[in-house]
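Please look over the sequence and the three-dimensional structure before reading on. The report below is written for someone meeting them for the first time.

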Amino acid sequence: MALVAGVDSSTQSCKVVIRDAGTGALVRSGRAAHPDGTEVDPQAWWEALRAAVDEAGGFDDVAAVSVGGQQHGMVCLDESGAVVRPALLWNDTRSAEAAAELVQELGGGEAGGRAWADAVGSVPVASFTVTKLRWLARHEPENAARVAAVCLPHDWLTWRLAGAPGLDALRTDRGDASGTGYWSPVTGEYRLDLLERALGRVPVVPAVLGPAEAAGRLPGGALLGPGTGDNAAAGLGVGAMPGDVVVSIGTSGTVFSVADTPAADPSGAVAGFADATGRFLPLVCTLNAARVLDAAAAMLGVGLDELARLALSAPAGAEGLVMVPYLEGERTPNRPLATGAVHGLTLRTATAAHLARAAVEGMLCALADGLDALLAQGATANRIILVGGGARSEAVRRIAPEVFGCPVLVPEPGEYVADGAARQAAWVLQGGSQPPSWSAGQVQEYAGNGVRQIREQYARARDLILERTTG
């Protein structure tokens, strides 16, 4: 029995799964926490990875390993391979002004958005690596001058697993490269002119590998897969195919579909990413997802299970109580300075149950706005696959069909990003044109009719927020 390992180096923690390469059966696993913050010393990721691997029983008997990681984070290395400064993560919004500058420099407004979308499939927002490089050049010129190479969190961890053999050995994949803002999913090439525009010069960037190309080997001999970004890994982990829309409710919320053709949305709502199989992954991301549930539970002084019970005890639409969940600013819509709000508070709706229901519906409505943007770009939504920590809430599962208006499938709880990385590792090990077929396990289906009232009252409240933050 050949074993493969998948790593999920996310914002909050590192998870490792070790699975049978042929069947996908879980053999063992481990995890370790990451520090909080929107900038982190990459060494903390490495230490967490080592701790998670140790808890999982080590890699001595593993034949191949792949890393899935949080997208966009800026890891800068000097000529010796040392980290120049703590990595700026995807959720660090200090580069919002830099994003606006870069769009303006390519024409501004709709013209600038179209130029960026045509070039790299996406319009820069504060999350993207290219904007963080512009911020670095503007605010920390001494650090910017030391940068010899730029890579992403998963690239850096793959490189470290290979023994950090030199900057020219940095490797990445299509999925994660497509989130930098300087690589084109259409041409499969870097846009070095855009990289230079951001940083002022062109550093070393990782070579972009195909879905099943080896990125090297661990010192012990195990093959290293190319790895990928967390969303592409999750899509691979749940076996998403064209016609499926995956809604992931984690620290951030993502809505993405698997497509045979690339997307290029000049509005910037939809990011035209690549996936981990050679296809494309049009994606909408929100900054606020499961943390909305955490915040509501904290406000009410209850646990998440009790929050779900309260939410399900209130009527659909919470009798007009609406929560707009922009608790940490927002990425889609691009409102980095926005705040959340509660509308429709009356004596009747001033109950724990109504607030719990409004929190769940508000979070799902924000994600449904993302689904609308995907559909406007030509995506097909035959079914929703609901994953992530937030999908464990019974209220989220049962209310989701009312908000999305289509069947919702919930796979059994798992580490979908790590699972996708493990499946990629098996693909690299076994070869072939397609990833191995692994059982999806038990899947629960939730059906229900869309309740237009929920979306309509949310849209009215949301638009008030947009006016206030832009007016």
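This is a predicted model: local features need pLDDT of at least 70, side-chain atom pairs count only at pLDDT 80 or more; totals for chains, interfaces and linings use all residues.

Residues are numbered from 1 along each chain as its sequence is written, and side-chain values use heavy atoms, with hydrogens and water left out.

**A covered strand**

Helices (H or I, at least four residues) and strands (E, at least two) are DSSP runs numbered from the N terminus, and a residue is called buried under 20% relative accessible area, exposed over 50% and partly exposed in between, with a 1.4 Å probe and protein chains only. Strand 17, residues 253-257, is mostly covered, with five of its five residues buried. G253, V255 and S257 point one way from this strand, whereas T254 and F256 point the other way.

Two strands pair if DSSP finds at least two bridges between them. Strand 16 (residues 244-249) pairs with strand 17 in the antiparallel sense over five bridges, and a hairpin of three residues joins strand 16 to strand 17. Within this pairing, S248 has T254 of strand 17 as its bridge partner. Strand 17 is also joined by four bridges to strand 19 (residues 280-286), again in an antiparallel arrangement, and there G253 has T286 as its bridge partner.

**Cysteines**

The structure holds zero disulfides, a disulfide being a pair of cysteine sulfur atoms within 2.5 Å. The closest cysteine sulfur to that of C365 belongs to C406 and is 14 Å away, which is too far for a bond. C365 counts as buried at 1% relative accessibility, and C406 is buried too, with a relative accessible area of 13%.

**Pockets**

On a 1 Å grid over the protein atoms alone, a pocket is an open set of points where a 1.4 Å probe fits, with protein on both sides within 12 Å along at least five of seven lines, and lining residues have an atom within 4 Å of a point. A volume is the space filled by probe spheres set on the points, which are joined across faces, edges and corners.

| Pocket | Volume | Residues nearest the centre |
|---|---|---|
| Largest | about 990 Å³ | I249, G250, T251, G388 and G389 |
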